Amino acid sequence: MDILFVADPLASFKVYKDSTYAMMLEAARRGHGLWACEPEDMAWRGGKMLAAASAVRLTGQSPAWFTAAGPEWRPLAGFDAVLMRKDPPFDEVYLNATYLLEMAEREGARVFNRPQALRDYNEKLAIARFPQFTVPTLVSCRVDEIRAFLAEQGDIVVKPLNAMGGSGIFRLRPGDANLGAILETVTGLGHRQIMAQRYIPEIADGDKRILLIAGEPVPYSLARIPAPGETRGNLAAGGTGVARPLTDRDREIAAALGPILNADGLLLVGLDVIGDWLTEVNVTSPTCFREIADQTGCDVAALFIDALERSCA
């Protein structure tokens, strides 16, 4: 197969932990052709969706881990698979990329995850589809509503709807001297919706990332454990990743969500679970392949490429 990765610049990859690189490595091992472009390299011209794509060869060395030939303009429908692996934020550039990728789908391109599903499943708001697995949650831009929710719950976390890596997340409690300033900032003075959730004390044991591939869970999660003095477990915020076997509750959540997400065109999903509670449904560029594989020997990239090959057969 020829596989096109629509991603951030390859030179920015931290290959020791990058899941897209793990996908590339496994695909190359099987003899598949690797191509790469950025969202800005896609264009609709002459009635066709094209990408200025570069042929990528992996060197097995660091830091010069790849060479790239090109770019050359190629129809997206001419690739066997197109993997959308651009990191958030889900901004106007990302949104427009999903529209272009959907146009490519209509021309016969096979895009993973499906562009419509990327739009439909906001990574924070998607938990509203599965309220049986969530803690009390509020989405609002009204500061008075958020204050009332805080008074009711006593301890909450607020976060933006379109960021990643723990960016913009605050833990709030009544009496916080900075409460007003924080709420004004995160809501853009009451003009930007945010999510508020009851604080889950089990965050001390880790924010678990459960990977679903074609609706089936990888048997290990990666618990992102907060650094001392932090309430965020995100690896980008200094958390430590510890791979653990799935619990019965993890499997219950995965079994309920997996078939639905897969049917909606989401080949790869990262569920975030704290304690027994679902907090996010990550669909844009789920990660943690390398950490799970390094600690457990479970080859997540191989499981993913297996599923991709089946989907393109």
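What you have here is a predicted model, in which local features need pLDDT of at least 70, side-chain atom pairs count only at pLDDT 80 or more, and totals for chains use all residues. Residues are numbered from 1 along the chain, and side-chain values use heavy atoms, leaving out hydrogens and water.

**Overall build**
- The protein chain has eight helices and 17 strands, counted as DSSP runs (H or I, at least four residues, for helices; E, at least two, for strands).
- Its C-alpha atoms fill a box of roughly 60 × 45 × 35 Å along the principal axes.
- Take contacts (heavy atoms within 4.5 Å) between residues at least 6 apart in sequence: 66% of them join residues at least 24 apart.

**Aromatic pairs**
- There are six aromatic pairs in the structure, meaning Phe, Tyr or Trp rings (for Trp, the six-membered one) with centres within 6.5 Å; planes under 30 degrees apart are stacked, over 60 edge-to-face, the rest tilted.
- Trp35 and Phe79 make an edge-to-face pair, because their ring centres are 5.8 Å apart and their planes sit at 70 degrees.
- Trp35 is in strand 2 (residues 33-37) and Phe79 in the loop between strand 5 (66-75) and strand 6 (81-84), so this pair ties together parts 44 residues apart in sequence.
- Trp35 is buried at 10% relative accessible area, and Phe79 is buried at 4%.
- Ring pairs also link Phe13, Tyr21, Trp65 and Phe66 into a cluster.

Conventions:
Buried means under 20% relative accessible area, exposed over 50%, partly exposed in between (1.4 Å probe, protein chains only).
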